[in-house]
Amino acid sequence: MDADKQLCGLEPDSQYVELAVEVFAMLADATRVRIILALREGELPVNQLAEIVHKSPAAVSQHLAKMRLARMVTTRQDGTRVFYRLENEHARQLVTDAIFQAEHSLGGIPRHHHTESADPS
């Protein structure tokens, strides 16, 4: 039973708790959250990301370097251009859930709880 507990990262005494805190620390930056939101649909080069997040390419490159070390983003090179994409769906989901939680803090019914009445299915 103890071996199963160690394998499950969702236990309060899990070895992954400290690593999870590091993930939250990495995401505790508005520019990085914006980068993840921009990369939800696919890969983008630094210059395009910089335009989307309204930061200089140099600043975005520094954030991307940290995110790459944290294995949140990965790269693909095409000639001289480097394209960034999310390493997996988890950072995207964390940011999505954080945005949804932020919507709850405003009171009322959050936008993500509204249903599409035009959807016939």
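In what order do the three strands of the open sheet stand? In this predicted model, the order is E1-E3-E2, and the pairing is antiparallel. That leaves strand E1 (44–45) and strand E2 (73–78) at the edges; each has a single partner strand, so one side of each goes without a neighbour in the sheet. Six bridges link E2 and E3. Valine 73 sits opposite leucine 86 of E3.

Next comes the inside of the fold. In soluble globular proteins, nonpolar side chains tend to be buried together. Here, the largest nonpolar core counts 21 residues, and the ones with the most contacts inside it are Ile35, Ile36, Leu39, Leu49, Val60 and Leu64. Two or more residues each come from helix H3 (30–38), helix H4 (46–53), helix H5 (57–69), strand E3 (81–86) and helix H6 (89–104). Leucine 64 makes a handy example: setting aside its neighbours within four places in sequence, it touches Ile35, Val46, Leu49, Val73 and Tyr84.

The largest has a volume of about 360 Å³, and its lining includes Leu19, Met26, Arg71 and His90. Helix H2 (17–26) and H6 are the elements that give two or more residues to this lining, with H2 supplying the largest share, five residues. Sorted by class, the lining has eight nonpolar, two polar and two charged residues.

The second largest pocket holds about 160 Å³ of space. Gly9, Leu10, Tyr16, Val17, Ala20 and Val21 line this one, and they split into five nonpolar, one polar and no charged.

Technical notes:
Residues are numbered from 1 along each chain as its sequence is written. This is a predicted model: local features need pLDDT of at least 70, side-chain atom pairs count only at pLDDT 80 or more; totals for chains, interfaces and linings use all residues. Side-chain values use heavy atoms; hydrogens and water are left out. A nonpolar core is a set of buried Ala, Val, Leu, Ile, Met, Phe, Trp, Tyr and Cys residues joined through side-chain atoms within 4.5 Å. Buried means under 20% relative accessible area, exposed over 50%, partly exposed in between (1.4 Å probe, protein chains only). Helices (H or I, at least four residues) and strands (E, at least two) are DSSP runs, numbered from the N terminus. Contact means heavy atoms within 4.5 Å. Two strands pair if DSSP finds at least two bridges between them. On a 1 Å grid over the protein atoms alone, a cavity is a set of points where a 1.4 Å probe fits but cannot get out, and a pocket is an open set with protein on both sides within 12 Å along at least five of seven lines; lining residues have an atom within 4 Å of a point. Grid points are joined across faces, edges and corners, and a volume is the space filled by probe spheres set on the points. Ala, Val, Leu, Ile, Met, Phe, Trp, Tyr, Cys and Pro count as nonpolar, Asp, Glu, Lys and Arg as charged, and the others, Gly among them, as polar.
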